[in-house]
Amino acid sequence: KLLCVHAEDQRILDKGKINYRNEKDYVVHNLARPQKAEIEAVRYVLKLSEEYRVPLHICHVTTKDGVESIKRAKQDGLDITAETCPHYLVLKILDLMEFGPYAKMNPPLRTERDNDALWESLRDGTIDMIVSDHAPHTREEKDKGLKNIWFAPSGVPGVETTLQLILDAVHERRLSLGMLVKLMHDNPVARFSLGRYGYVEEGNNANLTLVDLKQEWEITDDKLLTKCGWSIYDGWKGKGDSVGVVINGKIIL
């Protein structure tokens, strides 16, 4: 069986919650969930994967040191894959000061150094997938953390914006289009044993996403279909967007 792990050391998290329980500032969530929690957990599960020969997938990697541990494990021949999310590529810890509880997530946002390492890990194949980690908490839920960050749930909506953000990264030449297809289709299909799903081949169901690489977009809350009704990327602009889908051979624009 493939084991998927959210890699944060619970002992470190419990200690952080105790140490910062009386603090309310936005940055406290990050202080209570330090990089060390991810780094130690990644190393530990890699060790277990090697010891017990269990295929391992590490969810939403955020740190440079975590990436480096995964890279070494792959070089040693371990059966390892890993993923990251758009918010860990385009946002960082300083954005907490602007977005407050709306930028609270687990693992938390990191530094520009970590952002850069994640981009490089996508290009060199260390990180295998980009996923949304969609968490559509309502404004009412998130606003509970405006005066005390502990009261807000963690996570951000992303299922509608992930492809836009990564297509814009292709436009900005941070990734190639071929890399995008591999990171958001080929690798997930292969790792999770989905056969030939989504490939353009005779005999396959025609389930496809249609994109226009030159289509300009602006993300605004009022255009979103998600019931939570907000995006942390409200007001962001970019280029490259989906213009329709094909579902079981039926074109929907």
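I started at Trp236, which is partly exposed because its relative accessible area is 28% (buried is under 20%, exposed over 50%, partly exposed in between; 1.4 Å probe, protein chains only).

Before going on, I noted that this is a predicted model, where local features need pLDDT of at least 70, side-chain atom pairs count only at pLDDT 80 or more, and totals for chains, interfaces and linings use all residues. Residues are numbered from 1 along each chain as its sequence is written, and side-chain values use heavy atoms, with hydrogens and water left out.

Next I looked up ring pairs. Rings of Phe, Tyr and Trp (its six-membered ring) pair if their centres lie within 6.5 Å; planes under 30 degrees apart are stacked, over 60 edge-to-face, the rest tilted. I got two aromatic pairs by this rule. In one, Tyr102 and Trp230 have ring centres 4.8 Å apart and planes at 90 degrees, so I logged the pair as edge-to-face. Tyr102 and Trp230 are 128 residues apart, so to speak in distant parts of the chain. Tyr102 is buried at 13% relative accessibility, and Trp230 is buried at 2%.The rings of Tyr233 and Trp236 have centres 5.0 Å apart and planes at 70 degrees, so this pair is edge-to-face too. Tyr233 is buried, with a relative accessible area of 2%.

Then I checked for a charge over a ring (NZ of Lys or CZ of Arg within 6 Å of the ring centre and within 35 degrees of the ring normal). I found the charged end of Arg196 over the ring of Tyr199, 3.8 Å from its centre.

My last stop was Val211, which counts as partly exposed at 37% relative accessibility.

Note on methods. Helices (H or I, at least four residues) and strands (E, at least two) are DSSP runs, numbered from the N terminus.
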